[in-house]
Amino acid sequence: MKCLIVEDDRSAQKLMQIYLSDFFECSVAENGVEALEEVVSSLESGTPYDLICMDIMMPEMDGMEALEKIRQAESKRGIEGLNCIKVIMTTAKQQSEDIFGAFRKGCEGYIVKPIRRADLIEQIEKLGLIKIEAVK
């Protein structure tokens, strides 16, 4: 399975890669523009990502705008509903308007930083992408 980590902080990128590398082939994008390019390329090649973990606050294009454009790109290709790439927003923003806004744009999960491995794995398991008995 493939995962795209969209994060502008290099240490956070590395940490996410460590957390996810047992389950996914991980790629990294540093902002929403790069993320959108990666996703469109994967859709066009017929090898879409299974999961995107995306920060909200990034330069050039933030995570909310990127998520909206990713959903538009999927829709143009007839990909909708449960067939969409699963997206977990990973951010320090925990205001309810940010959380509800992310879900309205089409994310399936939301984790407030600092991200703990167990919380991330639990979210991914809830999305049905992996099955883990117990993660510590």
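Predicted model: local features only at pLDDT ≥ 70, side-chain atom pairs only at ≥ 80, totals over all residues.

Biologist: At what angle do α2 and α3 pack?

Modeller: Axes are lines fitted to C-alpha atoms, for helices over the stretch in contact, and angles run from 0 to 180 degrees between N-to-C directions. Helix α2 (residues 32–44) and helix α3 (residues 63–76) pack at about 15 degrees, their axes 9 Å apart. The two are therefore roughly parallel (angles under 35 degrees).

Biologist: Which residues of α2 and α3 meet?

Modeller: Contact means heavy atoms within 4.5 Å. From α2 come G32, L36, V39, V40 and L43, and from α3 A66, K69, I70, A73 and E74.

Biologist: How do α3 and α4 pack?

Modeller: Helix α4 (residues 96–105) lies at an angle of about 15 degrees to α3, with axes 9 Å apart. This pair, too, is therefore roughly parallel. M64, L67, E68 and R71 of α3 touch D98, G101, A102 and K105 of α4.

Biologist: How many aromatic pairs are there?

Modeller: Rings of Phe, Tyr and Trp (its six-membered ring) pair if their centres lie within 6.5 Å. The whole structure has zero such pairs.

Biologist: Which residue lies over the face of Y49?

Modeller: The test asks for NZ of Lys or CZ of Arg within 6 Å of the ring centre and within 35 degrees of the ring normal. K2 lies over Y49, at 4.5 Å from the ring centre.

Terms used:
Residues numbered from 1 in each chain as written. Heavy atoms only, no water. Helix = DSSP H or I, 4+ residues; strand = E, 2+ residues; numbered from the N terminus. Parallel < 35°, antiparallel > 145°, perpendicular 65-115°, else oblique. Phe/Tyr/Trp six-rings, centres within 6.5 Å; stacked < 30°, edge-to-face > 60°.
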